[in-house]
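Dear colleague,

Please find the structure below, together with its sequence. My notes on what was found in it follow.

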Amino acid sequence: IETNDLDSYSLACLGSLYVLDEKNPDQMVCLLRGGYPPFRVVSSLAKEYLGKIPETFLVPTSDFFEK
């Protein structure tokens, strides 16, 4: 892993944690392809530092959304 990739990953996780703290959403949507590993980090940090456990919907990215 390159330093820039690690910095980008860390900033994305911290940014998500900030949104979770400031906006206080009832639910979060997490795309399984690529989105689940960062969510696991954010979820752990939210539980430990914010005392929040967001409800999560895991969405396989090979599926399509329908109205």
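Please bear in mind throughout that this is a predicted model. I begin with the overall arrangement, then turn to the first helix, the core and the loops.

Overall arrangement

The protein contains two helices and two strands, and their order along the sequence is α-β-α-β. It has 67 residues, of which 16% count as buried. Its accessible surface is about 5,600 Å², with 54% of that area belonging to carbon and sulfur atoms. Among contacts with a separation of 6 or more, 76% are between residues 24 or more positions apart.

Helix α1 covers residues 3-23. It has 21 residues, and the distance from its first C-alpha to its last is 30 Å, close to the 30 Å expected at 1.5 Å a residue. Which residues of α1 are buried? They are C13, L17 and L20. Viewed down the axis of α1, these buried residues fall within an arc of 60 degrees, so they line one face of the helix.

Y18 counts as exposed because its relative accessibility is 54%, where the cut-off for exposed is over 50%. The C-alpha atoms of Y18 and A46 are separated by 9.4 Å, although the two residues are 28 residues apart along the chain.

The nonpolar core

The largest nonpolar core consists of seven residues, namely C13, L17, L20, M28, F39, V42 and A46. Helices α1 and α2 each supply at least two residues of this core. As a general background, nonpolar side chains tend to be buried together in soluble globular proteins.

The loop after α1

N24 follows α1 and lies in the loop between α1 and β1 (27-31). For context, most residues other than glycine have a negative phi. N24 counts as partly exposed because its relative accessibility is 47%.

The loop between α2 and β2

G51 and K52 both belong to the loop between α2 and β2; in this model α2 spans 32-50 and β2 spans 55-59. G51 is exposed, with a relative accessible area of 64%. The C-alpha atoms of G51 and D21 are 9.8 Å apart, and the two residues are separated by 30 residues along the chain.

Where does the side chain of K52 make its polar contacts? It reaches the backbone oxygen of L20 at 3.3 Å, and a polar contact of 3.2 Å joins it to the side chain of N24. Leaving aside residues up to four places away in sequence, K52 touches L20, D21, N24, A46 and K47.

With kind regards

Methods:
Residues are numbered from 1 along each chain as its sequence is written. This is a predicted model: local features need pLDDT of at least 70, side-chain atom pairs count only at pLDDT 80 or more; totals for chains, interfaces and linings use all residues. Side-chain values use heavy atoms; hydrogens and water are left out. Helices (H or I, at least four residues) and strands (E, at least two) are DSSP runs, numbered from the N terminus. A polar contact is a pair of N or O atoms within 3.5 Å; within protein, one must be able to donate a hydrogen and the other to accept it, and residues adjacent in sequence count only if both atoms are side-chain atoms. Contact means heavy atoms within 4.5 Å. Buried means under 20% relative accessible area, exposed over 50%, partly exposed in between (1.4 Å probe, protein chains only). Accessible areas come from the Shrake-Rupley method with a 1.4 Å probe; for residues, only the protein chains shown count as cover. The expected span of a helix is 1.5 Å times one less than its number of residues. The arc is that of the directions from the helix axis to the C-beta atoms. A nonpolar core is a set of buried Ala, Val, Leu, Ile, Met, Phe, Trp, Tyr and Cys residues joined through side-chain atoms within 4.5 Å.
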